[in-house]
Amino acid sequence: KDYMNWVPLILLLSLFAFALIKIQYKRYVDQVVNSLINYQVSLRLLRERNVLFRNMSLGMNLVFGLNLGLFIFFILENFGIKQQFSDKFLNVLLYSGGLIILYSLKSFICRLIGYVFKVQSEFMEYVHNINLFNKNIGLFLFPVVIAFPYIDENLRPVVIYLGISILAIMVFLRTVRSVQIIMRKGVSLFYLILYLCAIEILPVLLVVKYSGTLVQ
């Protein structure tokens with residue numbers, strides 16, 4: 001495969017970034033992983049945010065963007081779906097950069113909505129948890145993006161579906177956590193349904209529709 005000229009460099013960059021983060025911020029990395037199933041750990045991280053945590057977050061956001069962008073590229077390659085650029089490296093840059101920009105924009109919009117409607121704490125906690133789950137997606141995709149280029153082509157669909165399963169589980173857990181936040185803050189059922197449709201379900205439907213257009 002022609003992409004094997006540069007894929008190892010992206011993998012090394014992602015692994016090197018995570019290794020530095022793990023060495024310097026081990027306690028925070030462990031808590032980020034524990035926050036997946038422990039709501040109290042997530043709240044503790046929200047209360048204890050400091051310069052060290054922000055530095056760790058920047059590094060892990062980079063890992064998230066690189067790994068998920070690379071995984072999206074592998075999915076499209078595996079199923080023969082047409083991509084934006086003929087240069088495959090540019091496609092990975094597009095997906096990785098687009099993900100980082102997308103979630104940065106989403107965080108900004110959520111914070112703006114929180115400010116306008118005087119519910120800053122609710123949206124701040126929501127954005128905090130979205131970022132935590134993104135960091136975990138980046139970590140748990142490591143085995144997938146590392147294995148895919150080097151295994152037999154017959155086994156690659158298995159690795160792809162494993163990665164998709166990881167994403168599905170993360171999205172499910174993230175949605176459960178978001179509902180926890182809403183219920184904990186005493187938000188009405190109407191706003192809960194509105195939230196799920198507007199912020200969680202609609203973006204997924206748009207991605208599915210866009211992907212279907214590419215396949216055609």
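A salt bridge is a side-chain nitrogen of Lys or Arg within 4 Å of a carboxyl oxygen of Asp or Glu. The model is predicted, so local features need pLDDT of at least 70 and side-chain atom pairs count only at pLDDT 80 or more, while totals for chains, interfaces and linings use all residues. Residues are numbered from 1 along each chain as its sequence is written, and side-chain values use heavy atoms, with hydrogens and water left out.

**View A. Asp30 and its salt-bridge partners.** Asp30 pairs with Lys26, with closest N and O atoms 2.9 Å apart. Asp30 and Lys26 lie four residues apart in helix H2 (residues 26–34), so about one helical turn separates them. Helices here are DSSP runs (H or I, at least four residues), numbered from the N terminus. Asp30 also forms a salt bridge with Lys22, at 3.0 Å between the closest N and O atoms.

**View B. The salt bridge between Glu77 and Lys88.** The closest N and O atoms of Glu77 and Lys88 are 3.2 Å apart. This pair links distant parts of the chain, Glu77 in helix H4 (residues 51–78) and Lys88 in helix H5 (residues 88–116), 11 residues apart. Glu77 is partly exposed, with a relative accessible area of 24%; buried means under 20%, exposed over 50%, and partly exposed in between (1.4 Å probe, protein chains only). Lys88 is also partly exposed, at 22%.

**View C. Lys135 in helix H6 (residues 120–140)**. Lys135 is buried and has no salt bridge. Glu48, the nearest side chain of opposite charge, is 14 Å away; Lys and Arg count as positive and Asp and Glu as negative, with His and the chain ends not counted.

Technical notes:
Helix = DSSP H or I, 4+ residues; strand = E, 2+ residues; numbered from the N terminus.
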